[in-house]
Amino acid sequence: MEEKKLGVRNVVSVSVGLVIATSCLVSLGQGSGNIGVVFIFAMIIACMLNMISIASMSELNALMPNTTGGLAQYTLTSLGPVPTMVSMVGGYILCNVLSAGVEASIFSYAMGEILHLPISNFWYTFLVTAVLLIANLKGVDMFAKIQDLVAYLLLGSMFFMGLIGALGMGTGVKVDQPYYMTTNPADIVPMIAVAFWLFIGAEYAIPISKDVKNAKRNVPLGMFIGLAIMCGVQSVMIFGFHNYTTWKELTESPAPHLLYGMNLLGTPGKLWMTLVAALAVVSTQNSSVQGLANICQGMAKMNMMPQFFAKTNKNNVPYIGVWFVSLLILFFGYISNDSSKLISFLILVGSVFWMVSYIFAHIDVLVLRHRLPKAPRTFKVPFGPVLPLIGIAGTVYMIINISTDPAERLMIWLVTGITFLILFVYSVIWIKFKMKIPVFKSVPLEKVMAMENEMYYIIRKRRKLCR
């Protein structure tokens, strides 16, 4: 048997690498710009809620280890096909292409600020998307080996530039402004939803658990440590913001990291943050195109998406999914181009999508504990149902208070509500008439686990041919 070589340090690096992105800095700027350094309290609460979510994900993985579909398979086992399709397409696929599009939009704004060419900033988004589209169609993961490096560059940049600003050691002019804009808890609580975006994605470290020593302890611990590090680094960054960037400018900038870099260290700071942002968008978008195309392919194999998503080209790449994801990223990059308000709005919409997927994860834990109480689990969320219930209640509360602006809040609810309604109707029709199975009947655990084996699909095709 091959020896497991990964430890806590590796889990931390993977979880941090998957959380960090330049879009996080937009949320950091928006949140701190609205209420000042007290945004840190909102961050701590959001971080704790995300820790509960990854604990639930860890328990589900312990029950169904090494499943490639992750949440799709957990939900299929506990709640059935309709919640699975709604949570995966809405809470995962749409959320990821939306965030990748926003990330590309932030990058294009940064390039426009540096190069000053007589072209629309959107063309930078188009260029990056086209290059990564071609690379992925050829089956080339051109940035796989530097993705961890990119994450540490961005994380290290945030920490050191935040520390320089917090200590007042920048070359720019210090700003004289209050530390906080409010002390009213009613103003701070809605910012938890904004802070939520700063910590999503740590659970993507779970798939490496099969290669981790003492995974029962090290995988959850590594993800918890990664989130705590993120919370600490971003807190330092907020104190730097206070000294060198006005709160109002932070809320209005589509790229607050560039604004801060320029105010802190002048042109060198701006160039450094632009370089790191460029590497980050390539890493994020490359991962999104690859991962989501494969998820579409997997769901097509399960007959939960149109079969053409399962087709591959000569390089064994699910090319329909690659095109589909890339075009959606272009769409979201186009509509959010150069607009801080739209970028902020789309991040909040994406947060709601992701929050819904976390709610499903907590429900999955509770349902499967009731249905399979004696099934072996190498990890279990402590304190019985208390933490999953707190996770559900906290996440629902964040959705209800997703924005301090009533008009924006209503629009976010409207967009996400209509999207999920359309997905629900589509899912019911697809499952009832295409898959021809009960729309809410859960699939046995053994059958879902069998879907991981290629023989499952070979046998299913043979049975269809024999009918």
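Predicted model: local features only at pLDDT ≥ 70, side-chain atom pairs only at ≥ 80, totals over all residues.
Student: How many salt bridges does a search of the whole structure find?
Tutor: A pair counts when a side-chain nitrogen of Lys or Arg is within 4 Å of a carboxyl oxygen of Asp or Glu. Searched over the whole structure, that criterion gives a total of 3.

Student: Which residue forms a salt bridge with Glu59 with the closest N and O atoms 2.8 Å apart, and in which helix does that partner lie?
Tutor: The partner at 2.8 Å is Arg369. The pair links distant parts of the chain, 310 residues apart, with Glu59 in helix α3 (residues 39-63). Arg369 itself lies in helix α15 (residues 340-371).

Student: Is Glu59 buried or exposed, and what about Arg369?
Tutor: Buried means under 20% relative accessible area. Glu59 has 2% relative accessibility, so Glu59 is buried. Arg369 has a relative accessible area of 14%, and therefore Arg369 is also buried.

Student: Where does Arg377 lie, given that Arg377 and Glu59 are 318 residues apart in sequence?
Tutor: The side chains of Glu59 and Arg377 meet in a salt bridge, 3.6 Å from N to O. Glu59 is in helix α3, so the pair ties together separate parts of the sequence. Both residues are buried. Arg377 is placed in the loop between α15 and α16 (386-400).

Student: What are the accessibility classes of Lys270 and Glu113?
Tutor: The class "buried" is under 20% and "exposed" is over 50%, with "partly exposed" in between. Lys270 has 15% relative accessibility, so Lys270 counts as buried. Glu113 has a relative accessible area of 29%, so Glu113 is partly exposed.

Student: How are α5 and α13 oriented to each other?
Tutor: Helix α5 (residues 81-115) and helix α13 (residues 267-301) pack with their axes 9 Å apart, at an angle of about 155 degrees. Angles over 145 degrees count as roughly antiparallel. The handedness of this crossing is left-handed. The orientation of α5 to α13 is thus roughly antiparallel.

Student: What is the orientation of α5 to α6, and what is the handedness of their crossing?
Tutor: α5 packs against helix α6 (residues 122-137) at an angle of about 120 degrees, with the axes 7 Å apart. That angle makes α5 oblique to α6. Their crossing is right-handed.

Student: What is the phi of His116, and where does His116 lie?
Tutor: Most residues other than glycine have a negative phi. His116 is not a glycine, yet has a positive phi of about 55 degrees. At 60% relative accessibility, His116 counts as exposed. Its place is the loop between α5 and α6.

Student: Which loop holds Asn316, and what is the phi of Asn316?
Tutor: Asn316 is in the loop between α13 and α14 (319-335). With 61% relative accessibility, Asn316 counts as exposed. Although Asn316 is not a glycine, its phi is positive, at about 60 degrees.

Student: What separates the C-alpha atoms of Ala130 and Ser326?
Tutor: Ala130 is in helix α6 and, at 24% relative accessibility, counts as partly exposed. Ala130 and Ser326 are 196 residues apart along the chain, and their C-alpha atoms are separated by 8.1 Å.

Student: What is the separation of the C-alpha atoms of Tyr74 and Met449?
Tutor: Tyr74 lies in helix α4 (residues 71-78) and is buried, with a relative accessible area of 4%. Along the chain, Tyr74 and Met449 are 375 residues apart; the C-alpha separation is 9.9 Å.

Student: What area does the nonpolar surface patch with Val425 have?
Tutor: Val425 is in helix α17 (residues 406-435) and is partly exposed at 41% relative accessibility. The patch is made by Leu421, Phe424, Val425, Ile429, Phe433 and Phe440, and its area is about 610 Å².

How values were computed: Residues numbered from 1 in each chain as written. Heavy atoms only, no water. Patch = residues over 30% accessible without salt bridge, like charges linked within 9 Å, V, L, I, M, F, W, Y side chains within 5 Å. Areas by Shrake-Rupley, 256 points an atom, 1.4 Å probe, with all protein chains shown as cover. Helix = DSSP H or I, 4+ residues; strand = E, 2+ residues; numbered from the N terminus. Buried < 20%, exposed > 50% of the residue type's maximum accessible area, 1.4 Å probe, protein only. Axes fitted to C-alpha atoms, helices over the stretch in contact; angles between N-to-C directions. Parallel < 35°, antiparallel > 145°, perpendicular 65-115°, else oblique. Left-handed = near helix turned anticlockwise from the far one by under 90°.
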